[in-house]
Amino acid sequence: IVILVPELTFLTGLSSFQKSSRTVKEVMWEMMQSPQQHYTRLTSLLHRIRDTPEASRELEGWGLYLDMDIHRTQGHILPAERINLRHRSFFPDEELSWHREATKEVPISVIPMNSWLLVYPKRLQQLAKDLVAAVRSICGAMGMQVGLPTVQELWDDRIESYIKSIRSGLGSQEKVQLLLCIIPRNRDDLYGAIKKLCCVQAPVPSQVISAQSLMGHPGKIRSVVQKVLLQINCKLGGQLWGVDIPLKQLMVVGMDIHHSRSQGMRSVIGFVASMNQYVESWEQGRCSSCSALGIWGGPTPKSPSLARKGLNHSLPMKIVVYRDGVSDPQLDTVLKYEVPQMQKSFNTFENYQPSLVVLVVQKQISTNFYSLTGKDFMSSPPGTVLDHTITSTDWEDFFLLAHHSRQGCSIPTRYICMCNTANLSPEHLQRLTFKLCHLYWNWPGTIRVPAPCKYAHKLAFLVGQVLHHEPSAHLSEQLFFL
């Protein structure tokens, strides 16, 4: 039982009655303030507190004093990273986006798609034909080879019809590489049923597309198909782009937690580990209980280290773990319980003691970065790092802004080093972290957290929110959850 003191609580969010599109837009508009607007409002609030006698007396009673301006200090910007495709390497633009290159040029590795199943209701027949035509037209420029699909046409869009047809289609062919379903609209029940079938019962990479996303002008379907083809290549085991990572025999691990709100459901830990020296191939594991925090936990029949040994003929000698989903009060638990379990897991192999680095990733922070240009406050450029002054006195930490902020203020991510037996310098950790923020293949640009953390989040969310079951081990070496 949780008992809340009424005087210390207040209502947050919007009620279902208030959640009209117009209200949400107005709230978002107020939240997405420019750095200059944010600074003006913040300093205005500080002056109001100072000029209000009651507020001043309250602060004096607590022995507190508020500065009337934000803290100004000096950060530094990490060097730009080179993006590597199969036939070309380049430095992205100032916004760190390479959408044009990702959709116009050949990825690092491409998996031919010669056997795939297309399922759709009969009333969407023309849309399905347009989709196949767009796929066949676009795939060549992206270096992909796509054959004609096996088509299953449904009389209606009931869940039972989809499941029966998919089972029939998968059973009638020896090896289906991918299932692509077109559904009339966004329906969580239908989406969940298809994913449970394809991720748990009859494992096969799957792609579900809402018909609404394909409707409109011809340019829209082309744009959607480009993104879908990139996703499909990842799900089949292809690799889109990479960056230069000089560390050899390196394994990068991402961990994140999804807390289910459904009654009786347990929290889920998503686990993703890199499988090659270029950090461009991934294997997944999942633990359904938060008490299972060993690094090799998950459904895979072999540990990622063992699988990696079979792939690269050697075990990784440096393992860097990015642990997301940890708040400040839980840091001691990570240090005292999780890190020793990770180190103990190395005993699985004889005479194997790799160096270990564990970094906690914190996104939910209130710190904002501004860049002062002349007298104006602007968004800080991607790659901005602050590793002093505002950092913790108890932990070795730093703040990194890895992404470009199109709207609002720049909110960095905080990284806390819990263990570093590899003796990597703070600069090396910052550079490696920034590099990994370039490797999330669902977005041709940088993201707020390292790619393994984002992959672990997507995996945990799919399992905890949709599947509610252990995914099949047959999919463990594919990014089936994108």
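Q: Why does H468 count as partly exposed?
A: H468 has a relative accessibility of 31%, and since buried means under 20% relative accessible area, exposed over 50% and partly exposed in between (1.4 Å probe, protein chains only), H468 counts as partly exposed. This is a predicted model, in which local features need pLDDT of at least 70, side-chain atom pairs count only at pLDDT 80 or more, and totals for chains, interfaces and linings use all residues. Residues are numbered from 1 along each chain as its sequence is written, and side-chain values use heavy atoms, with hydrogens and water left out.

Q: Where does H468 lie, and what is its phi?
A: H468 lies in the segment after α12 (451-467), helices being DSSP runs of H or I with at least four residues and strands runs of E with at least two, numbered from the N terminus. Its phi is positive, about 55 degrees, although H468 is not a glycine.

Q: What makes L96 buried or exposed?
A: L96 has a relative accessibility of 10%, so it counts as buried. L96 lies in the loop between β3 (89-90) and α4 (99-104), and its phi, near 55 degrees, is a positive value in a residue other than glycine.

Q: How do you know that β4 and β6 pair?
A: Two strands pair if DSSP finds at least two bridges between them, and strand β4 (residues 116-121) and strand β6 (residues 178-183) have four, in the parallel sense. W116 stands opposite L178 in β6.

Q: Why do β5 and β7 stand at the edges?
A: Four strands form an open, parallel sheet in the order β5-β4-β6-β7. β5 (150-154) and β7 (206-210) each have a single partner strand, so one side of each is left without a neighbour in the sheet.
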